[in-house]
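Let's take a walk through this protein together, starting with the whole chain and then stopping at a few places along the way. Keep the structure open beside the text as you read.

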Amino acid sequence: MSCCHCGCNEEHNHSHNEHNLMILRLILGAILFISVLFIKNNYIFILSYAILGYDVVWSALKNFKNIFNESFLMTIATFGAFILGEFPEACAVMLFYQIGEFLSDYAADKSKKSIGELIDLRSDTASVLTENGFVTKASENVKVGDIIRALPGEKVALDGIISKGEGFFDTKSLTGESVPKKFSEGDTVLSGFVCCNSVVEITVTKEYSNSTASKILELINDEKQSNSEKFITKFARVYTPIVVILALLIAFLPLIFGGDYRVWFYRAILFLVVSCPCALVVSIPLSFFAGLGCASLNGILIKGAFALERAAKIKNFAFDKTGTLTDGFFAVREIKSDSCTKEELLKYAAYCEFYSSHPIAKAIKSHYGKDIDESLISEYAEVSGKGISAYVNSHKVMLGSADFLGIDDAEKGAVYISIDGNFAGSILVADKLKDEAKSAVSSLKKRGISAFILTGDSAENTKPIAEELNIPFFASLLPADKVGKLNELKRSGITAFAGDGINDAPVLSNADVGISMGNVGSDAAIEASDIVLTSDNLEKLPKLSQISKKTMRIVKENIVLSISVKVAVMLFGALGLASIWLAVFADVGVLILAVLNALRAFLD
């Protein structure tokens, strides 16, 4: 089963070649530029400029219909410097501009590579069992019910259940867990898991387009533009023609008021050099991309800049209960034994529950974990909704609710047991609060974010969870009720909702920021959400807040830095108080500073 993606490899090789070519151009152009400062030969300046800037000039000519762009500004500014005889300045502008562009492209490639490593989940082919043995097929042609095989080192191509074999799987691409996890027959494995040490056969449960890997990749690629990016786009569209017109006015001022034409033409060229909005245009999207990359490496998959921007402004956090704040499944949480050992009590309970398919019965039998000798069970009788009685190894065992055993002080979720007419103890089977839930909610509160529970479960089941977390709750809510309550919360500020079930899809899509659990979450919930926590770890939520706020702070810093420095130097240039070297710094220097600042968003 191949894990290769030819298109991706070609794209990577193409990008790598362009990267190496640009390094060569920068080195050669810089050597010529530095050497000619001592030799004083203008032809070498022109050669240096041609090596450094041919692609910029070609871009300006090629996009002549859309003339007001960055390449156009750089071209006319540097050509103007040549006309003025300022050969070193023209080369310096192009050299530093290309260095800034190289840094921004390099940073973007690094971010893409990091995200790509995280979401390179899908395998385009699968080894499928046929009448002629295992045959390699395109993953998209594999059907539900087909049996596929995963060899050591291969990715699981589609979601399914292990039908033969067992072994360890590397799940970090989806869950972030660094330690491989063991899966046996009957366990569900997801596309994107890597088989580590054995051969397993898997019965496919989801088609390729509905597999976990495909859904997550669709989630990553479905991106909305942030308000900040919209601002930059609109700003550049209006800004570019304005500065070109102002530069023309500055250049032709001598025709109106008199004066040295060369001086005013120089000022106009300087004005154009400064005016290039490359620091804004490059650094803002890069800041968002770096933030998205940082989030991805932390197991937080965000649809795009729009969701990241919203996440930085969250004021309220509403949680579903079951599967989000809690484990989402019944398990034995506590065993209390009065007249026998806990091991004996659990054994009697497991034998008594042998024929039952109730979730509580399954939890007790799973916790017992040993083979049950059916020959030891006799006179089995079940009283619907109350309990079970049976003889286990000649001892009469009764198991069930407090009412069934005549106990007054009942504990929610407890199964009570008597042996030979004597009360023996109880087993607590419950859906437990996730280990990290308390600390995650506490961290959100410290960040000034209010937390709530919106659940369809009863108030009786929800109250202990809410009290342990010390947050308000709204229980017994139908999906429409959840949406209504969420809309009430939205009136007080940006509201996020975290959920996992198919019933949470409506409220996830209506939330300002919808967050789903990627591991236990339903397809509908994942599709309706803006953000997916790949490992279902709630501690990722404070991390999301931290990363998003840091990213937005960097975006604002870059906007202020770029605009303030440029406006100041443009004004000085128009008044004749700035040299072209200061203009170079204002253009390229600010770009480099903004790019380096943007890269901070990538740092955890």
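Accessible areas here come from the Shrake-Rupley method with a 1.4 Å probe. By that method, the accessible surface of the protein chain comes to about 28,100 Å², and 57% of this belongs to carbon and sulfur atoms. Please keep in mind that this is a predicted model. The chain has 604 residues, of which 50% count as buried, and its secondary structure consists of 22 helices and 22 strands. If you take the contacts with a separation of 6 or more, 65% of them are between residues 24 or more positions apart.

Let's begin inside, with strand β20, residues 495-499. Is this strand buried or exposed? A residue counts as buried under 20% relative accessible area. In β20, 5 of the 5 residues are buried, so the strand is largely enclosed by the rest of the structure. In a regular strand the side chains alternate between the two faces of the sheet. Here T495, F497 and G499 point one way while A496 and A498 point the other way, and all are buried. Strand β11 (residues 316-319) runs parallel to β20 and is joined to it by 4 bridges, with F319 standing opposite A498. Strand β21 (residues 513-517) also runs parallel to β20, again with 4 bridges; there, S516 is the bridge partner of G499.

Next, find the open sheet of 6 strands, whose order is β12-β17-β16-β15-β14-β13 with antiparallel pairing. Its edge strands are β12 (331-337) and β13 (377-383), each of which pairs on one side only. From one strand to the next, the twist averages 20 degrees. Within this sheet, β16 (residues 414-419) and β17 (residues 422-430) pair in the antiparallel sense over 6 bridges, and A414 has L428 in β17 as its bridge partner. Helix α14 (residues 359-368) packs on the sheet, where it touches β12, β16 and β17; the direction of α14 makes about 75 degrees with that of β12.

Now for the charged pairs. The structure holds 9 salt bridges, and one of them joins the side chains of D55 and R25, at 2.8 Å from N to O. D55 lies in helix α2 (residues 42-62) and R25 in helix α1 (residues 6-39), so this pair ties together parts that are 30 residues apart in sequence. D55 is partly exposed, with a relative accessible area of 26%, whereas R25 is buried at 8%.

Another salt bridge is formed by D159 and K206, with their closest N and O atoms 3.9 Å apart. This one links distant parts of the chain, 47 residues apart: D159 is in the loop between β3 (147-150) and β4 (160-164), and K206 in the loop between β9 (200-204) and α6 (212-221). D159 counts as buried at 1% relative accessibility, while K206 counts as partly exposed at 25%.

Finally, come out to the surface. L571, F572, L575, L577, L582, F585 and L593 form a nonpolar patch there, with about 670 Å² of accessible area together. Helices α21 (540-574) and α22 (580-599) are the elements that give two or more residues to the patch, and α22 gives the most, with 3 residues. L575 sits in the loop between α21 and α22. Since the cut-off for exposed is over 50%, L575 counts as exposed at 52% relative accessibility.

Conventions
Residues are numbered from 1 along each chain as its sequence is written. This is a predicted model: local features need pLDDT of at least 70, side-chain atom pairs count only at pLDDT 80 or more; totals for chains, interfaces and linings use all residues. Side-chain values use heavy atoms; hydrogens and water are left out. Buried means under 20% relative accessible area, exposed over 50%, partly exposed in between (1.4 Å probe, protein chains only). Two strands pair if DSSP finds at least two bridges between them. Axes are lines fitted to C-alpha atoms, for helices over the stretch in contact, and angles run from 0 to 180 degrees between N-to-C directions. Contact means heavy atoms within 4.5 Å. Patches are made of residues with over 30% relative accessible area and no salt bridge: like charges are joined within 9 Å, nonpolar side chains (Val, Leu, Ile, Met, Phe, Trp, Tyr) within 5 Å. A salt bridge is a side-chain nitrogen of Lys or Arg within 4 Å of a carboxyl oxygen of Asp or Glu.
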